[in-house]
Amino acid sequence: MTNVSLRKLNIVLGGKPIIRDLDLAVEPGEFLVLLGPSGCGKSTLLHSIAGLVDTESGAVEIGGRDMTDADPSERGIGMVFQSYALYPTMTVEDNMSFGLRIAGTPKAEIRRRVDRAAAMLQLDALLRRKPAQLSGGQRQRVAIGRALVREAQVFLFDEPLSNLDAKLRAELRRELKLLHRALGSTMIYVTHDQVEAMTLASRIVVMEKGEIRQIGTPLDVYERPANRFVAGFLGAPAMAFVDGTLDGAGRFTGDGIALACVPAGAAQAAVLGVRPEHVTIRADGPMTGEVTLVEPMGNHHVVWLRCGAATLASLVHDACRHAPGDRVAFAIDAARVSLFDAQTGNRL
Amino acid sequence: MNPDTTAPPMAAPAPAAHDQPAPAVRRARRRLTPARIGLYVFLLGAALFFLLPLYVMVVTSLKTMDEIRQGGIFALPHAATLEPWRLAWSGVCTGAACEGVRTGFWNSVAITVPATILPILLGAVNGYALSFWRPRGANVLFGILMAGAFVPVQVMIYPLVRVLALAGIFGSLPAIVLVHLVFGMPVMTLLFRNYYCGVPHELFHAARIDGGGFWRIFLQVMLPMSLPVVVVAAIMQVTGVWNDYILGLVFAGRDHMPMMVQLNNVINTTTGTRQYNVNMAATILTGLVPLALYFVSGRWFVRGIAAGAVKG
């Protein structure tokens, strides 16, 4: 198992700084997910670990060795791409063994590794096929197989599931997680899909504009977002933000919303972050709002409430008796909400 | 892994589906409207316009000179003869020698084969390097190369003659191949660069991670998947080199006169009577190679013409 560490990394592409002074330590055997909106530099960061883009300054270490200027093939990595990137003129078998053949691995050893990967990914019957004869899911498995036969120390995934339809994506996602458990290798995975990030990651790195906004376990990042960007990026429906003030006793007052939070020191302007599951509609709730919209989701409903200037979502799991226009009383779970500094957007 | 996730082994690749528009649409399209009739009349007229000269050439080449002198260029030959064809191929005078255009044919083959293969290979390497390895100044380099495509050949003839004479290869087979290589380079490079720009960059990245170097990725990954563009490039280059007159005249030298130059010598001979039947036969013989190429690969030919128009 291998660790990866990036130190003071700077990447400039076409004169534009993409990554700025970035430090990141990836633990051995970890499944690290780089999450962020498109253009946040997460793919560029992954490519710099793979050696596919030049770094301006800083260091990339893999397994304790400085790999900043090493060739991609010398880094002990396997990579899986969004577009599968299979060699179209080669069979599945040749696709998987291409790297080993270049490296001059003995034939018997190539055979053994290809067979093992094919068995793990259920590709045995497809080894003689060309990529064009495979479905999208099968192609992506071949691409994973190609990374597997390299017996890489670190696996890099660049949005590997984005080209698949929703059902296949969910299935392959589970298979990836099982694969990680079986191999125990270090995996770094880039996605803009928060469901993938939440389900796969042992730690999530949330990025914005080439900088890391928060690193933590999926629950940590979700429950205790470090700033408003992370809070707004994760969760669907998104976290609602309410502007207001915090008094010295830890009481938050906004338009139509008042809440006794954990005492947080000095009085100041603050923003309250409320997730849908923090809002409970109940008859004895201390606040009231007007139902504006009810979205049925099958196993639950999302009820949208207008309360003063704020719009809050609430999850209702039993039969929903609310209709737009109703006035309902609700409560907010003060122990779970987030509070942010009105100026900096950082968590208080 | 869950076996249910794999599609059935024979899952049809996508292209199968979109070949069949609804039959109703097709039927509606086939109905004859005045516009359709007008279109057919125009197409027929255009076809006749181009086919009529060819018809005249063919019938004339099959007539004796006596019959030609009687006039009636559209008339079918009374007594068709292949003698003019025999003469054109192996007997007519092309300047000093009287051995027909066949020597020119073999000269043209000797020029066209290397002047097709070399520019394609070099153009492919150029296009590959420009789109994947992006050396410093790649865009400037490509811009200069493209500018070269717009300079008329005639402007370069004199300097090229001097340079080749200085190198001591003026008027030889290598000289004419080299000249074709130089003039073919911009279009060949453009063709391959555009093709490789359409190849996902991730494929190149995957090959880099697999340990491929410049030549290995080119030879084992990129070139094998370039067949469509190689065919297009070959059509363009063969047609261009075969139909070339001025470069062959200037650079090939006496011993390697291409067919096109010899044809001109045949037709412009000023002594004796003009042998129209032989001239026609020699002309058809000379045009046969590009014509055959066109018939064999019409679909690719059109693609080759369109290839210059795709995004750069």
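Chain A is divided into domain 1 (4-232) and domain 2 (246-341), with bounds that come from an automatic or database domain assignment. The structure is a predicted model, in which local features need pLDDT of at least 70, side-chain atom pairs count only at pLDDT 80 or more, and totals for chains, interfaces and linings use all residues. Residues are numbered from 1 along each chain as its sequence is written, while chains are lettered from A and ligands numbered from 1 in the order in which they are written. For the complex, the predictor gives an ipTM of 0.87 and a pTM of 0.81.

**Chain A and its domains**

- The C-alpha centres of domain 1 of chain A and domain 2 of chain A are 39 Å apart.
- Where these two domains touch, domain 1 of chain A gives 4 residues and domain 2 of chain A gives 4 residues; two residues are in contact if their C-beta atoms, placed from the backbone, lie within 7 Å.
- Chain A contains 8 helices and 20 strands, where helices (H or I, at least four residues) and strands (E, at least two) are DSSP runs, numbered from the N terminus.
- Along the principal axes, the C-alpha atoms of chain A fill a box of roughly 75 × 45 × 35 Å.
- Of the 348 residues in chain A, 42% are buried, meaning that 20 or more other C-beta atoms, placed from the backbone, lie within 10 Å of the residue's own.

**Contact between chains A and B**

- Chain A contributes 28 residues to the contact and chain B contributes 23 residues.
- On the side of chain A that touches chain B, β6 (77-80), α2 (92-103), α4 (136-149) and α5 (166-183) each supply at least two residues.

**A helix pair in chain B**

- Helix α5 (residues 102-133) of chain B and helix α13 (residues 259-267) of chain B have axes that come within 7 Å and cross at roughly 155 degrees; axes are lines fitted to C-alpha atoms, for helices over the stretch in contact, and angles run from 0 to 180 degrees between N-to-C directions.
- α5(B) is therefore roughly antiparallel to α13(B), a term for angles over 145 degrees.
- In this pair, B:Gly104, B:Phe105, B:Asn107 and B:Ser108 of α5(B) meet B:Met259, B:Val261 and B:Gln262 of α13(B).

**Confidence in chain B**

- Chain B has a mean pLDDT of 84, and 86% of its residues reach 70 or more; pLDDT is the predictor's confidence in each residue, from 0 to 100.
- Confidence in chain B is lowest in helix α1 (residues 23-30), at a mean of 53, and highest in helix α10 (residues 214-222), at 95.
- Where pLDDT is low, the predicted coordinates should not be read in detail.

Terms used:
Angles under 35 degrees count as roughly parallel, over 145 as roughly antiparallel, 65 to 115 as roughly perpendicular and the rest as oblique. A residue is buried if 20 or more other C-beta atoms lie within 10 Å of its own, exposed if 12 or fewer, and partly exposed in between; C-beta atoms are placed from the backbone.
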